[in-house]
Each structure stands twice: as C-alpha cells, then as structure tokens.
Amino acid sequence: MKSREFNQKPNFEPGVPTRKFGNFQVGSFGYLIRLRYGVGLQMTLFSFTTRASRVRAASKVFIPDFHIQFHGGSHPQGSKVVNLVQKHEAWFVKVVCTLFVFSQPLDDGCLGYLSKNLTPLIEFEVVKWLNYPAFGLKFLEFSRVNFNITHSFWTYNFLMRSFCHMGLHDSAKLVFDYMRVDGHLPDSTILGFMISSFGRAGEFGMAKKLLAEVQSNKVVVSIFALNNLLNMMVKQNKLEEAVSLYKENLGSNLYPDTWTFNILIRGLCRVGKVDEAFEFFNDMGSFGCFPDIVTYNTIINGLCRANEVDRGHNLLNEIQSRDDCSPDVVTYTSVISGYCKLGKMEEASALLNEMISSGTAPSVITFNVLIDGFGKVGDMLSAKFMYEKMGSFGCIADVVTFTSLIDGYCRIGDVNQSLQLWNAMKVRNISPNVYTFSITINALCKENRLHEAREFLRELQCRNIVPKPFIFNPVIDGFCKAGNLDEANLIVVEMEEKKCHPDKVTFTILIIGHCMKGRMLEAISIFNKMLSVGCTPDDVTIRSLISCLLKAGMPNEASRITKITSQDMKLASSASLDNAPLRINRGVPVAA
C-alpha cells in the first residue's frame, strides 16, 4: 500500500459514476482524495460505503454532557438542542478533519463538496474531533468564510468553554464575538460561565465589557452571575470597581438580592468604610431585600473593628426584636470582642451571660477573646476563670488560648507562671506559634534572662515556624546592651540561615551597639550593608551613627554618611517609624 502523500493536488476524473449514501456522493469523493491520501484512505472509504447499507442508523457517538454553570446545570432549552450523529456521519467527520489538517489549501472542488454536505451537527463534531481548541477555532473561522453554513450554538459553547479552561480568555471572547455576529444570543448559563471564568483570571475589564455587550442585545443576565463576579472582585481588592459595577447594572433590569448586598457590605467593612456599608444596608428595603444573619454579622463585625461597639450592640438588639432572624454565636462574639479590645470587660462579661441565657453556646473563639481581654487589663484571675469555664461548654483550649494566657502573665511580670503554661502545652501536645515564642522571649529579655531567651531561639529554629525579625530583635538588643556583641552577631547569622532577614530595627540595634563599644568600623560596615539590602535607615539610626563617628574622631566618615543620606534617602521622622518602634533601644545612650 502506498504511503499517504498529503501535499499532492487531487486528480479529478470526469465521468466517474457516483452513488449516494445519505447526503454524500461517496463515489466521486473517493476520487477527490485518491492522490491526496493514497489508496489506503480510499479503500477505507470504499469499505465504509459498501458496509454502510448494512449498518442500522442506530449507532451513536458520544457527545460531552455540558452540565454547566457554577454548581451544575442543564442544556439550554428551545432551539439549542444537540442531536446525535449517526455512524455514517461519524466517518465523514473524520474525513473532514483529515482534509482540514493535512490538505490546506483546499481546491474549489473539495470546497464545493464540503459546502454541500457539511451540516451544523457535523461541523460541531469536526470541532470536537480535532481535539484541540486552536484547531477548532481555525476550522470555525475557515468554515465561516468558505461555507454557507449556520453554525450550531454548541460549537461556540464547546470552544468558549475549552478556551476558558485553558486560560485563553482572548480566544474565548473572540468565539463569543463570532457567536453574536452569526446571530446566536448567549443564554444566562454560558454567559455566567464566561463571566466567572474571566473573573477568576482577574480579567475584570473583559467581564464588564461582556456584560455591557449582552445587555445592549437585551440578553438577561442572572443575578447569580453578577454576584459571583462582584464576590471575586471584592476578594481581589477591587472594591471600588465592584461598587461601580453594581451601580452601573441597577438600571438594566437586573435587581440585586440579599447576597448582592452582603458581598458589598463585607468588602466595605473590611476596609473600614462602615458608614458606606450602612448606606447599602439601609438601601436593601427599596429593592425588596431584607438583611439576614450574615448581613447583620458582617456589619456588626465591621462596627466593632472600627471601635463603634455600641452601634454594633444596638444592631444585636435589633436582631433580637425580629421574628425571622436570631443572633448566633458569631453575632455575640463580634460584640464581645469589640468590648474586649476597648478594655470594657464588664460589658463583655455581661454579654457573655446574656448569650448563655439565650441558649447560644459560646465557642472557643468567644472564650479566647475574653481571656485575651482580661489578660490585657491585667485581670488574670478572671482570665483563668474563663479558661476553666471552657470545658463546661465542650470547648478545648488551643494555641491561641495558651498564648493569650502567657501574654497576660508576662504583662503582669509573672514570667515563671507563663513558663509553666509552656509545660502544660507540651503535655497537651499543643505546638506554640510564632507569637507564643515572641511574647515569651520578649518577656525574658525584659527581665534580663538572656540565656533562657537564647534557648527559646534555639528551640524555635528546630520547629517548622517561619521566624520573623521581631522575635530575634529583643535578644540581639539584650546582648548588645550587655556588651556581648559577638553573641548578637551570631544570632544575626542564625537569622539569615533561617531566611529571616534583618529589618530596620535589627540594623539600628547593631549599629548603636557597636558604636557604644567603640567598634566604629563594624558599625560602618553594618550601615553599608543596611543600604545595600535596600533597608532605609531612619533619623535615629543616622543621627546616632554620625554623632558617634564625630566623637571617635572620624569626621570624614561622618561627612560621607551625611552626604549619602541627604541625597539618596527620604528620612522618616521618629514619629513615623515602622510598626515596630524602637522601644527596646530607649535605654541605649545616644549622643546628642
């Protein structure tokens, strides 16, 4: 058998008898491809035609079941129904695929034949059988130009979904545009899928453009699709765009529901725009929407985070007066947490009792915020009472519970009691977190128990915890004040080995520490390293270093540093230091 010669031109032989099978003139089509693909493919077609009459038209080819949208769905109804290809049509699909892939460009005879015999169903099967969306798009574009065929909705649907799953959203939008030009209007299901796919990829501009285009065609956009897009925009910190999109779509026969308002209220509360969130909250009734417990919990939590706890408590009372909604553990815990942050522990305790009386059981989080609140005001008896009370409600203490207790005891100077809690954690097989280490190490350093703090640093390095500079800084500061600069430098090396890079506070501690010991060259080297890693020194660091250099008789170095910092650094005032101010260095004498 000859090998296939894909690039040869077909040899049309006049007078060849033809016979029809279904819609195909099979005999002449065999001659169309004889020289192009060799005898093998022609024999295959001949075998197909001779056997076809004995094949019942009952065999069917699998078509993917497009259960779509976000949580399942069904096929579009009405005219968008997928028929099933029969066996003789399936063979023709394979022939068309072969011609398209290996025989470009097709001559007029071949184009004419395909134009007469291609149907929307066969064209859809060809796109699927090509098994590669890029080829499918090329065939779609090719057939739109060369064949007088109205493409099936399912062809567009298949290609759009395939491109979206591949992350090729520009190609998906191109197919969508072809679909609209060819007279197919998308239904809410495929539209929702496209919008969600664009949103997940962060292509919010493309999603908004898609919405605007379909609305101009009076296509109904489901509120579910819009909510899904708004939710993704809020999660990706595109709050202003989400609010703008909501307002733009109000006049397009798209009515918001409670979930719409919950999404926007949550986003606004998260960035502290509680008053604006209240505007949406108050606007719900005009759209026939009523706040549910999620709405109330979201805005109460936002109020309490903004220290407007009394307003949050008033909303809790409002919920209690309603028949269709009741406060839950989240509602109560949000207000209790707000009171604890303000140090109003009597109000927090009273609300806990009210919560229990109403039949709402407190959670571990409820007890943790209370223990933390009592610890911060130094009332460790009440904190311990809450800890002991947890068991009666089936709540098991976790690392947050113990860390809050440890912090409370450290605040009142009872570091030994906090160390006993470390032993209790080990007995319960509760692993400490980064804050457990930080609180304990800082407390030990304040009591000048540097070697114990050093041991905790060694234990930290053996655990699967990503260390932060604020854990190491108190120990480095302690050893610098004690004059043990070698140990301080060693800790810095260990930091860097753990991929924990020194911050502004670390560098400032080291520079001042070396200056106080008269090790000026090392202080200069540390300062140069600080600049080389992109860590901007503040005025405390610069003034201290320059003053010490002048006292050490090194005016040239002092002048150089002054010049560097005045030209290349935007000095920050001491009032706007990093979130970790240099409290630990206040005991270090700084030259005026």
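This is a dialogue on reading the features of one predicted model.

Visitor: What kind of model is this, and which residues count for local features?

Guide: The model is predicted: local features need pLDDT of at least 70, side-chain atom pairs count only at pLDDT 80 or more, and totals for chains, interfaces and linings use all residues. Residues are numbered from 1 along each chain as its sequence is written, and side-chain values use heavy atoms, with hydrogens and water left out.

Visitor: How many helices and strands are there in the protein chain?

Guide: Helices (H or I, at least four residues) and strands (E, at least two) are DSSP runs, numbered from the N terminus. Here the protein chain has 30 helices and two strands.

Visitor: How much of the protein chain is buried?

Guide: Buried means under 20% relative accessible area, exposed over 50%, and partly exposed in between (1.4 Å probe, protein chains only). Of the 592 residues in the protein chain, 49% are buried.

Visitor: What share of the contacts joins residues 24 or more positions apart?

Guide: Contact means heavy atoms within 4.5 Å. Take the contacts with a separation of 6 or more: residues 24 or more positions apart account for 66% of them.

Visitor: Why should helix H9 span 18 Å?

Guide: The expected span of a helix is 1.5 Å times one less than its number of residues. Helix H9 (residues 188-200) has 13 residues, so it should span 18 Å. Its end C-alpha atoms are 18 Å apart, which agrees.

Visitor: Is H9 mostly covered or mostly open?

Guide: Mostly covered: eleven of its 13 residues are buried. Among them are Ile190, Leu191, Phe193, Met194 and Phe198. After H9 comes Gly202, with a positive phi near 75°.

Visitor: What does Leu229 touch?

Guide: Start with its place, helix H11 (residues 223-235). Leu229 has a relative accessible area of 0%, so it is buried. Leaving out residues up to four places away in sequence, Leu229 touches Ile195, Gly199, Phe204, Ala207, Leu211 and Leu245.

Visitor: Which residues have the most contacts inside the largest nonpolar core?

Guide: A nonpolar core is a set of buried Ala, Val, Leu, Ile, Met, Phe, Trp, Tyr and Cys residues joined through side-chain atoms within 4.5 Å. The largest one has 164 residues, and those with the most contacts inside it are Leu118, Met194, Ile336, Leu370, Ile441, Phe472 and Ile476. Helix H7 (residues 153-166) gives the most to this core, with eight residues. As for Leu118, it touches Phe92, Val96, Phe139, Phe147 and Ile149, not counting residues up to four places away in sequence.

Visitor: Where is Asn262, and is it buried or exposed?

Guide: Asn262 sits in helix H13 (residues 258-270). Its relative accessibility is 8%, so Asn262 counts as buried. Beyond its neighbours within four places in sequence, Asn262 is in contact with Asp292, Val294 and Thr295.

Visitor: How many salt bridges does a search of the whole structure find?

Guide: A salt bridge is a side-chain nitrogen of Lys or Arg within 4 Å of a carboxyl oxygen of Asp or Glu. The search finds 19. One of the pairs is Asp182 with Arg144 (3.0 Å, N to O). This pair links distant parts of the chain, 38 residues apart: Asp182 is in the loop between helix H8 (169-181) and H9, and Arg144 is in helix H6 (residues 133-146). Asp182 is partly exposed at 28%, and Arg144 is partly exposed at 27%.

Visitor: Which residues are linked in a network of salt bridges?

Guide: Asp275, Glu308 and Arg311. A separate pair is Arg519 with Asp486 (3.5 Å, N to O). Arg519 lies in the loop between helix H27 (504-516) and helix H28 (520-532), while Asp486 lies in helix H26 (residues 485-497). At 25%, Arg519 is partly exposed; at 54%, Asp486 is exposed.

Visitor: Which residues make the nonpolar surface patch?

Guide: Patches are made of residues with over 30% relative accessible area and no salt bridge: like charges are joined within 9 Å, nonpolar side chains (Val, Leu, Ile, Met, Phe, Trp, Tyr) within 5 Å. Val101, Phe102, Tyr132, Phe135, Met166 and Leu168 make one of about 530 Å². Leu168 is in the loop between H7 and H8, and at 37% relative accessibility it counts as partly exposed.

How values were computed. Accessible areas come from the Shrake-Rupley method with a 1.4 Å probe; for residues, only the protein chains shown count as cover.
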